[in-house]
Amino acid sequence: MRPLRNPLIQTSLAWLLSEWMRFCYATIRWEYENEAVAEEVWAEGGGVLCAFWHSRLALAPASWPMKRAQPVKGLVSLSADGEFFARAVGRLGIPAVRGSSSNKDKAKQSKGGTQALRDGLKQLKVGGLALTPDGPRGPARQMAEGLPLMAKLSGAPVLFIGISCKPAMRLNSWDKAVLPLPFGKGAVVWDKVWYPEGAEMSEVVAEWTERLTAVEARADALVGLERV
């Protein structure tokens, strides 16, 4: 049996990860760029889509100030790995909306994706929804249509979030995930867009992919983290 399918192991590891993340966030020296666009969204309240590439999942909670921003939920896959991460970020105050996973049963996957869309749109009526538009299996930094579709249907703005830190650990995963280390330097860079009326979905995907990659690259440059 895979370790993450064991509820006891899953709970214990999720607790360890959440406490490690909390410690790292508190000891990293953060730098912010273009924060004004995020401050506008936080001040207005209501729905907002928060997008970052999958490799920055472990850093993303540090970009959301719980005390002055609207409540946010994270769109997390239905996989065992997704359940583990949902428990970890849930301990940091970010509940999960469970979405489609890499399940080979296409009927179950489709059902999960449809439910996630419904739940996500419901969440966007009251607060933020965080998601990784290249997850849960990649390819890395290639945006699927889920994010622009939600933006189009909801009319909510999209915050692109580039987040980085150094020193950091990189996992040998498909996305080369970045895990924070304490007492380093961190950076968060924002950009904001709305779905353009009448635009072709493919054009939006291409433009948004470039913009999300740009804010991530800028955050890496600010801390000196090598791009991979």
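These legends describe close-up views of a predicted model. Local features need pLDDT of at least 70 and side-chain atom pairs count only at pLDDT 80 or more, while totals for chains, interfaces and linings use all residues. Residues are numbered from 1 along each chain as its sequence is written, and side-chain values use heavy atoms, leaving out hydrogens and water.

**View A. The largest nonpolar core has 62 residues.** Such a core is a set of buried Ala, Val, Leu, Ile, Met, Phe, Trp, Tyr and Cys residues joined through side-chain atoms within 4.5 Å; buried means under 20% relative accessible area, exposed over 50%, partly exposed in between (1.4 Å probe, protein chains only). Leu49, Leu147, Val158, Leu159, Phe160 and Trp208 touch the most other members. Helix α6 (residues 201-223) gives the most to this core, with nine residues. Helices (H or I, at least four residues) and strands (E, at least two) are DSSP runs, numbered from the N terminus.

**View B. Surroundings of Val158.** Beyond its neighbours within four places in sequence, Val158 has contacts (heavy atoms within 4.5 Å) with Leu49, Ala51, Leu147, Ala151, Asp191, Lys192, Val193 and Trp208.

View C. Two strands pair if DSSP finds at least two bridges between them. Strand β2 (residues 48-51) runs parallel to β5 over four bridges, with Leu49 bridged to Leu129. Strand β3 (residues 72-77) also pairs with β5 in the parallel sense, over three bridges, and there Gly74 has Ala130 as its bridge partner.
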